[in-house]
Amino acid sequence: MYANDDKYAQAAPPALIIKNATFITSAATEKQFIETDKPTIAVCGKSNVGKSSFINMLANRKKLAKTSSAPGRTRLVNYFDFGEFVLADLPGYGFAKVAKTEKEKWAKTLDAFFKKKERIAHVFILVDSRHDPTAEDLQMLEFLNYHILPFTVVLTKADKLSKMKIKEHKKAIAAGLSLGEGNLIATSSETGFGKNDVLQKIADVIALSKEREESSEEDIEDAE
Ligand SMILES: Nc1nc2c(ncn2[C@@H]2O[C@H](COP(=O)(O)OP(=O)(O)O)[C@@H](O)[C@H]2O)c(=O)[nH]1
Ligand SMILES: [Mg+2]
């Protein structure tokens, strides 16, 4: 059931069950960004890396997020309600053909989105498992580090690599980014490989947010 090479993992139940993920809204400007009490998980990555497919895999739906083989030009933040959390699909970067003004607009949207740090519980940054991270991936990672945003690198399209190569690439990419391998999850939206690892990460993020919320409520009570 779970496309995982560990035979014991096949029996493991999913760490989180996602029943009914729905589209909330698209935001083109800062004013349209939504406020929610649920932990928000942002998904970012270059155009065509497999962002929409990744979201659909998590949602167990084929067409929740639109996929396309032509790199998109959307500069919208798309919000999805995943029950226990909200997923924010950020505009893809690294589309070479866009004009400089478009790139500036994209950077502004992203800056505005990450400005309110408390609304972001975690960021999944998607990188193609077959290649080294691009200059723009590195910039994005620097940006996340600078803002001290917790993130996980999700390697996409792992079905295009042998099991052996997945391990090798994961190790090399982690080393290249000075990250521990635990900060990377290899996935395939085609086969569902790695899906349960992602769900486990999300479950951990939700649990941590709840803990934080409870302790901040206690702080308020103490102050009263
Ligand atoms: N083989 C394979 N192809 C994928 C996978 N994920 C996405 N793709 C393909 O890559 C292309 C871009 O995917 P999409 O999800 O639209 O990327 P986005 O632009 O990042 O949202 C599409 O042709 C997808 O079918 C995957 O896990 N494996
Ligand atoms: Mg997309």
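## Alanine 28 and its contacts

Setting aside neighbours within four places in sequence, alanine 28 is in contact with Arg75 and Leu76. Contact here requires C-beta atoms, placed from the backbone, to lie within 7 Å. Alanine 28 sits in the loop between strand S1 (22–27) and strand S2 (40–45). Strands (E, at least two residues) and helices (H or I, at least four) are DSSP runs, numbered from the N terminus.

Alanine 28 has 14 other C-beta atoms within 10 Å, so alanine 28 is partly exposed. A residue with 20 or more such atoms within 10 Å of its own C-beta, placed from the backbone, is buried; one with 12 or fewer is exposed; partly exposed lies in between. Alanine 28 and arginine 119 are 91 residues apart in sequence. Their C-alpha atoms are 18 Å apart in space.

## About the model

This is a predicted model, where local features need pLDDT of at least 70, side-chain atom pairs count only at pLDDT 80 or more, and totals for chains, interfaces and linings use all residues. Residues are numbered from 1 along each chain as its sequence is written, while chains are lettered from A and ligands numbered from 1 in the order in which they are written.

## Around ligand 1

Ligand 1 has 20 residues around it. A residue belongs here if its C-beta atom, placed from the backbone, lies within 6 Å. Gly50, Lys51, Ser52, Ser53 and Thr67 come nearest. Helix H1 (residues 51–59) gives the most to this shell, with three residues.

By class, the shell has one nonpolar, 14 polar and five charged residues. Ala, Val, Leu, Ile, Met, Phe, Trp, Tyr, Cys and Pro count as nonpolar; Asp, Glu, Lys and Arg as charged; the others, Gly among them, as polar.

Strand S5 (residues 122–128) is largely enclosed by the rest of the structure, because seven of its seven residues are buried. His122, Phe124, Leu126 and Asp128 point one way. Val123, Ile125 and Val127 point the other way.

S2 and S5 pair in the parallel sense over five bridges. Pairing takes at least two bridges found by DSSP. Glycine 45 has leucine 126 of S5 as its bridge partner. S5 also pairs with strand S6 (residues 151–156), in the parallel sense over six bridges. There, isoleucine 125 has valine 153 of S6 as its bridge partner.

## Helix H3

Helix H3 (residues 135–146) has twelve residues. From first C-alpha to last, H3 reaches 16 Å, close to the 16 Å expected at 1.5 Å a residue. That expected span is 1.5 Å times one less than the number of residues. Just after H3, isoleucine 148 takes a positive phi of about 50°.

Note on methods: Two residues are in contact if their C-beta atoms, placed from the backbone, lie within 7 Å.
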